[in-house]
Amino acid sequence: MKEIIYSPIEFNKPIGAIRNNEKKEIRILLHENFKHNSINLLLYNNTDKSDVLKFEMKKINKITDYYVYSTSIDSLQTGIYFYFFEILDDSKINIVSKVNGEAKISDHIIPWQLTVYDEEFSTPDWIKGGIMYQIFPDRFYCSPNYHAEMAVNEIERTKQDSWYNIPNSPLDTKLYSAKDFFMGNLDGIYDRLEYLKDLNIDLIYLNPIFESAENHRYSTANYFNVDPYLGNNKIFLDLCHKLKDKNIKIILDGVFNHTGSDSIYFNKESNYPEIGAYNSIKSRYYPWYSFIDYPDKYDSWWGFDNLPTINKENKDYIDFICNEENGVLNYWQKMGASGWRLDVIDELPDSFLDKIRKTVKNYDEDALLIGEVWEDASNKVAYGLNRRYLLGQQMDSVMNYPWRNAIVDFLINKDAAAFSNNISEIINNYPRPAIDTLMNLLSSHDIERIITALGVDISTVKYEDSKYFKLSSEEYNKSSELVKFASFLQFTLPGIPSIYYGDEIGMQGFKDPFNRAAFDYENIDMELLEHYKELTSFRKKFRDNFITGFKLIDFGKKHIAYLRSNILCVVNLSDKAIIIDMDKSATWIYGNKEAYMTEYGILIGPESYTAILLNEKYHSRDSIVFKNAIDRS
């Protein structure tokens, strides 16, 4: 029996973050035997922890042995707030904090978060409920229709002699610099259109395509040219138009924190006719960079001297990127890009991000802006500053690494309570418009592929063994089944599921560069691919149910159940069947095992993932919500 029960995403109205013109009701349960005279909620802004507001909570009800206390908070200014509770009796004050996700008496204040965002904040509706596919352009498909033109740094590039080679790495290449190319191209994406349509893709996220000395192309050489190995600007323009005719859009990777050292702007290798910052202090581009000892010592991203960092407060550079007539952003949007994924936004000042959003949205208010953030983006502190990525003036949303990690942990450790806490944290902290457009990934170009992460304890594999590492047949079979569970969660939780090219066919790989191998057309796991086709078809068929909204219904030791509109989604990792106590008539619509409607509730099979269509919209009364929370305690 718990003395105190509190769940911000179950008890509060509205759930989660609020607009700056909304009120918030917060409710908490206190056991009748817990000695107390009163209870207060204390609230403060993350910019001034000394200015604490106190709200008296009133007893409004009783559910079994628990009193229900409530208070309302009037509209607040945009920002991040934190709160905790104090319980007073005749002799002392008890502080109630968030301890491992639960409300407990604590000597230390560990607060819950309340996010207040701009009332005008909205995100593009066209992608909500949709499906994303991430492509590393050099490694997806090499169309024979395009013959690559010679690159400026051609002599430094290596063309792999087989599509199926393992990418070069420091393990086999002295002074490795990511200059081996597999010659994938933009025409190759269009050649694979039917494949993408079979996966019901709505949006393609392309890793960088701009001219660059390296295969990853995060070392931009020319912001206004497609790399000649990939194609040219006209091919990109045509690709965008042809894909839009098939209801598929493209967003580009915007790398605005640094350029390449081998670029028009820096020109360390003197491959370009322009006078770069490295060539002369009189160069237009010299003020863009920060030199320590000119010209050979300069600030660079994480010390990589091929990636000199930009002074993002330089007005000329900001105008170069954001000018609404001839800047980089609008140039590519006019060519057909439907938005941007912004690289390493922790490195970009707020003023720059504000300007980027204004520029992008002024041209196309439906353009999508996704930021690369690895942690909870709502309360991120970078370089000592509280960032405001999701308050309405910067990003639409972010890459959702926290949920990716939560899914992997859940499938390996089978701890549904921890998984529920991890999911609830983001649901509570992020604004609804951002939640609806989260980029929900299982793999990316920066982390291990999901089948590898679920198949082996990656911490036990030495780096020198990672090049040739493959799961055993037993490990692969077990992991491929877990990938099906992982993808079900990815496709049914709020946000946009993003398939990293090749995950759907069982491609393996540790971190860069082994997670960036060429698409393996000779080794396709047809069973896994069929799973993805069925899963994407299920999401497409019921797309309206996945546009917005989320309600946690139940979780036990090894299972979790949640609602997306009137679809009940259940994952049961136990080796025993469970009953979900719902009195609605329903129909099983998707999963690896059929669910059955009984007089006792919905019977969910062991080791199963399933989706059930409720014939009537589910409405839970407060008394039921509180009672379920009490029963779990």
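Reader: Which residues does F256 touch, not counting residues up to four places away in sequence?

Author: In this predicted model, F256 has contacts drawn from several parts of the chain, with residues up to four places away in sequence left out of the count. The list is Y223, I310, K312, Y317, I321, V328, L329, W340, L342, L348, F352 and I356.

Reader: Which residues have the most contacts inside the largest nonpolar core?

Author: The largest nonpolar core has 137 residues. Its largest share, eight residues, comes from helix α12 (residues 473-492). Apart from this core lies another of 34 residues, including I4 and V68. Within the largest core, the residues with the most contacts are Y133, F236 and F256.

Reader: Is helix α6 largely enclosed by the rest of the structure or exposed, and which of its residues are buried?

Author: Six of the eight residues of α6 are buried, so this helix is largely enclosed by the rest of the structure. Just after α6, G336 takes a positive phi of about 130 degrees. The buried residues of α6 are V328, L329, N330, W332, Q333 and M335.

Reader: How are α6 and α7 oriented to each other, roughly parallel or roughly antiparallel?

Author: The axes of α6 (residues 328-335) and α7 (residues 350-363) come within 10 Å and cross at roughly 25 degrees. Angles under 35 degrees count as roughly parallel. The two helices are therefore roughly parallel.

Reader: Which residues make the contact of α6 with α7?

Author: α6 passes α7 in a right-handed crossing. The residues of this contact divide into four nonpolar, three polar and one charged. From α6 come L329, N330, Q333 and K334, and from α7 come I356, T359, V360 and Y363.

How values were computed. Residues are numbered from 1 along each chain as its sequence is written. This is a predicted model: local features need pLDDT of at least 70, side-chain atom pairs count only at pLDDT 80 or more; totals for chains, interfaces and linings use all residues. Side-chain values use heavy atoms; hydrogens and water are left out. Axes are lines fitted to C-alpha atoms, for helices over the stretch in contact, and angles run from 0 to 180 degrees between N-to-C directions. Helices (H or I, at least four residues) and strands (E, at least two) are DSSP runs, numbered from the N terminus. Angles under 35 degrees count as roughly parallel, over 145 as roughly antiparallel, 65 to 115 as roughly perpendicular and the rest as oblique. A crossing is left-handed if the near helix is turned anticlockwise from the far one by less than a right angle, and right-handed if clockwise. Contact means heavy atoms within 4.5 Å. Ala, Val, Leu, Ile, Met, Phe, Trp, Tyr, Cys and Pro count as nonpolar, Asp, Glu, Lys and Arg as charged, and the others, Gly among them, as polar. A nonpolar core is a set of buried Ala, Val, Leu, Ile, Met, Phe, Trp, Tyr and Cys residues joined through side-chain atoms within 4.5 Å. Buried means under 20% relative accessible area, exposed over 50%, partly exposed in between (1.4 Å probe, protein chains only).
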